[in-house]
Amino acid sequence: MPASEAPRPEPQRCRTHRWRRATLAALITAAVVAPLSGAARPQIPAPPPATLAPLTPTTLDAAYKANRTNAARAARMAAAHGDHRRAAADREMAVPTRHLLAYDGRGEGQATEVFGDLATATRIAVLVPGSDTSLDTYDRFRATAVALHDRLLRQSPKGTRTAVIAWLGYRTPGTVSTTVLTTDRADQAASHLREFIAELRRTAGRKADISLLCHSYGTVVCARAAAGLDVQDIAFVGSPGTGAATAAALHTRARIWAARGADDWVEEVPHVRADLFGWTVGFGTDPVSPAFGARVFAAGPGGHSDYFRPGSVSLANLTRIVLGDTKEVTRA
């Protein structure tokens, strides 16, 4: 064959996408046909959550102290049980500088942490994480909140006071499991998120604008909770779909935003809903597609875990959304 007729090498991006799609298909099959039920960790002993007074600006410090005390007790119980990894995570939560609105060290664990002065904040961002987020992996989630808070401090105009809340208020699904393919965990979490936002609104008052920033499976949680939620903005990043066909189907007055990084593997997830082996799997319409109807913003070249990376296009745009600088948000 003449050199001019030799087949051209397959473009790297096409090979990468083909590999990702094959890998995802294998993971989905494994998750549905052979769930990893035997991989669960043994239950870790911990005290029940602290009993708190209704949250108000004047009770915040007492709540923070009570939850730090609870985390310290959880650390001692985990250490006595021989789970030194969890004990270390609990001890870190009990550090005097931590501002915990809620803490539950039982099982995979849950926590809600504040960055900034919630009592005086006029712009509040609530972060909702995706799969495989627990107390054992909490530092990874916390880093996203810290990055956003640092950017807000640098970018906020004079007189604007901000706070960021990392809300690990639900039992997240495993990345390879039947639960990550359905809305079941999101349906369970939605009522807790609604209750939290209502409590936050009572604490912050009408002066504060609240933005809900949701990542990966957390976008499904936010979508299930969205109807009537008292927030100004809801942003979906790295979403596999929300379970809703359109933004209008969320029945919220909030502005709906969506973004996906150019190297995010979630692009390869089939955006369908189907019955499979007795399960309804998948989350339907791609939130960054025109059919969904969200305000699609630029996320740059990043991957699935890069939306809150310092210096990234996505973090800059999420900061603008939180601050209400919607005209400055760069579109995809």
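## The nonpolar cores

A nonpolar core is a set of buried Ala, Val, Leu, Ile, Met, Phe, Trp, Tyr and Cys residues joined through side-chain atoms within 4.5 Å. Buried here means under 20% relative accessible area, exposed means over 50%, and partly exposed is in between, using a 1.4 Å probe and protein chains only. This is a predicted model, where local features need pLDDT of at least 70 and side-chain atom pairs count only at pLDDT 80 or more, while totals for chains, interfaces and linings use all residues. Residues are numbered from 1 along each chain as its sequence is written, and side-chain values use heavy atoms, with hydrogens and water left out.

Let's begin inside. The largest nonpolar core holds 47 residues, and L118, I124, V126, I197, L212, I234 and F236 have the most contacts within it. Two or more residues each come from α2, β3, β4, α5 (184-204), β5, α6, β6 (233-237) and β7 (255-259). The largest share, eight residues, is given by α5. A second, separate core has 36 residues, including A74, A111, F141 and Y307. The helices (H or I, at least four residues) and strands (E, at least two) are DSSP runs, numbered from the N terminus.

## A look at I124

Which residues does I124 touch, leaving aside neighbours within four places in sequence? Its contacts (heavy atoms within 4.5 Å) are L118, A163, I165, L200, A204, A208, D209, I210 and S211.

## Helix α4

Next comes α4, with 18 residues. From first C-alpha to last it reaches 26 Å, close to the 26 Å expected at 1.5 Å a residue; the expected span is 1.5 Å times one less than the number of residues.

Its buried residues are Y138, F141, T144, A145, A147, L148, H149, R151 and L152. They pack against α3 (84-93), β2 (110-116), β3, β4 (162-168), β5 and α7 (313-323).

Now for some loops. D83 sits between α2 (60-81) and α3, and D83 counts as buried because its relative accessible area is 13%. The D83 side chain reaches the backbone nitrogen of R86 at 3.0 Å.

Two other loop residues have a positive phi without being glycine. D132, with phi near 60°, lies between β3 (123-128) and α4 (138-155). Is D132 buried, partly exposed or exposed? Its relative accessibility is 36%, so D132 counts as partly exposed. S216, with phi of about 55°, is found between β5 (209-215) and α6 (217-225). At 8% relative accessibility, S216 counts as buried.

Methods:
A polar contact is a pair of N or O atoms within 3.5 Å; within protein, one must be able to donate a hydrogen and the other to accept it, and residues adjacent in sequence count only if both atoms are side-chain atoms.
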